[in-house]
Amino acid sequence: MNRISWLAVPDEATAPEGVQKLWAKAQANLGFIPNVFRAQALNPDTFLAWWNDFNTLVNREGHLSNADRELLAVVVSGLNRCVYCAVSHGAALREYTGDPTLADTVAVNWRHATLTAQQTALCAYAEKLTLTPAHMTETDLHDLRAAGLSDPTILEATQVIGMFNMTNRVSSALSFTPNAEYHGKGRPQP
């Protein structure tokens, strides 16, 4: 049996209308319904609230580029060892950058990736906020500002990092399994 969560997962017949609409939109846009959508639909109101926040932070034009938001997602997910998010956002990072190896390197050790000074500062900040949030100080913003990031960009980065830390914990705690489709996205096909 191929389970996508350790909890029960609603099917299309039992999911509420709002969830079914989001699933249909994902199917139309991606060609599949992300397992994280299926697994969280058990509590439809909190799932839709999470999606609204996630979508606002990750899938819109903002101060960070889409590639930088996905870079943060992969760094955080790799540090948290969240399989679902490292795989799914690794696919998005590959697609945004056109680089088939960057996401794999970043997920294991971002220091081994070829990054800009700004990306390096973002990764270091994400690492500290993820691993030792109680040790954050105002001086942690120095390297971000020195790399050219504005205060609104720093706030957005912090919110994206926080969102992925929360989502990683939910996904890992309940063993959300990434869709098979993610593994091949953004990779050269034979």
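Which residue's side chain meets that of Asp-104 in a salt bridge? The partner is Arg-187, with an N to O distance of 3.0 Å. This is a predicted model. The chain has 10 helices and 0 strands. A search of the whole structure finds 9 salt bridges.

**Overall build**

- From the N terminus on, the elements run α-α-α-α-α-α-α-α-α-α.
- The chain has 190 residues, and a compact globule of that length would have a radius of gyration near 16 Å. The chain has 17 Å, which agrees.
- Along the principal axes, the C-alpha atoms fill a box of roughly 55 × 40 × 30 Å.
- Buried residues make up 43% of the 190 residues.
- The chain exposes about 9900 Å². Carbon and sulfur atoms supply 55% of that area.
- Take the contacts with a separation of 6 or more: residues 24 or more positions apart account for 67% of them.

**The Asp-104 and Arg-187 salt bridge**

- The side chains of Asp-104 and Arg-187 meet at 3.0 Å, N to O. Asp-104 lies in helix α6 (residues 102–109), and Arg-187 lies in the segment after α10 (181–184), so the pair ties together parts that are 83 residues apart in sequence.
- Asp-104 has a relative accessible area of 35%, so it is partly exposed.
- Arg-187 is also partly exposed. Its relative accessible area is 31%.

**The Glu-156 and Arg-60 salt bridge**

- Glu-156 and Arg-60 meet through their side chains in a salt bridge of 3.3 Å, N to O. The pair links distant parts of the chain, 96 residues apart. Glu-156 is in helix α9, while Arg-60 is in the loop between α3 (44–58) and α4.
- Glu-156 counts as buried, because its relative accessibility is 2%, under the 20% cut-off.
- Arg-60 counts as partly exposed, at 31% relative accessibility.
- A network of salt bridges links Arg-60, Arg-69 and Glu-156.

- The side chains of Glu-17 and Lys-21 form a salt bridge of 3.3 Å, N to O.
- Glu-17 and Lys-21 are 4 residues apart in helix α1 (residues 17–30), so about one helical turn separates them.
- Glu-17 is exposed, and so is Lys-21.

**Helix α7 and its cover**

- Helix α7 has 15 residues, which at 1.5 Å a residue should span 21 Å. Its end C-alpha atoms are 21 Å apart, which agrees.
- The buried residues of α7 are Gln-119, Ala-121, Leu-122, Cys-123, Tyr-125, Ala-126, Glu-127, Leu-129 and Thr-130.
- Cover for these buried residues includes α4 (66–80), α8 (140–146) and α9 (151–173).

**Thr-130 in helix α7**

- Thr-130 is found in helix α7 (residues 117–131). Thr-130 counts as buried, because its relative accessibility is 6%.
- Leaving out residues up to four places away in sequence, Thr-130 touches Val-76, Leu-79, Asn-80, Ile-161, Asn-165 and Arg-169.
- A polar contact of 3.1 Å joins the side chains of Thr-130 and Asn-165.
- Thr-130 and Leu-102 are 28 residues apart along the chain. Their C-alpha atoms are separated by 20 Å.

**Ser-77 in helix α4**

- Ser-77 is found in helix α4. Its relative accessible area is 0%, so Ser-77 is buried.
- Leaving out residues up to four places away in sequence, Ser-77 touches Cys-82, Cys-85, Ala-86, Phe-164 and Asn-168.

**Positive phi angles**

- Most residues other than glycine have a negative phi.
- Arg-81 has a phi near 55 degrees, a positive value in a residue other than glycine. Arg-81 is placed in the loop between α4 and α5 (83–97). At 72% relative accessibility, Arg-81 counts as exposed, because the cut-off for exposed is over 50%.
- Ser-175 has a positive phi too, near 55 degrees. Ser-175 lies in the loop between α9 and α10. Ser-175 counts as partly exposed, at 26% relative accessibility.

Key. Residues numbered from 1 in each chain as written. Predicted model: local features only at pLDDT ≥ 70, side-chain atom pairs only at ≥ 80, totals over all residues. Heavy atoms only, no water. Helix = DSSP H or I, 4+ residues; strand = E, 2+ residues; numbered from the N terminus. Buried < 20%, exposed > 50% of the residue type's maximum accessible area, 1.4 Å probe, protein only. Contact = heavy atoms within 4.5 Å. Polar contact = N/O pair within 3.5 Å; in protein donor to acceptor, adjacent residues only side chain to side chain. Expected span 1.5 Å × (residues − 1). Rg over C-alpha atoms; globule rule 2.2 N^0.38 Å. Areas by Shrake-Rupley, 256 points an atom, 1.4 Å probe, with all protein chains shown as cover. Salt bridge = Lys/Arg side-chain N within 4 Å of Asp/Glu carboxyl O.
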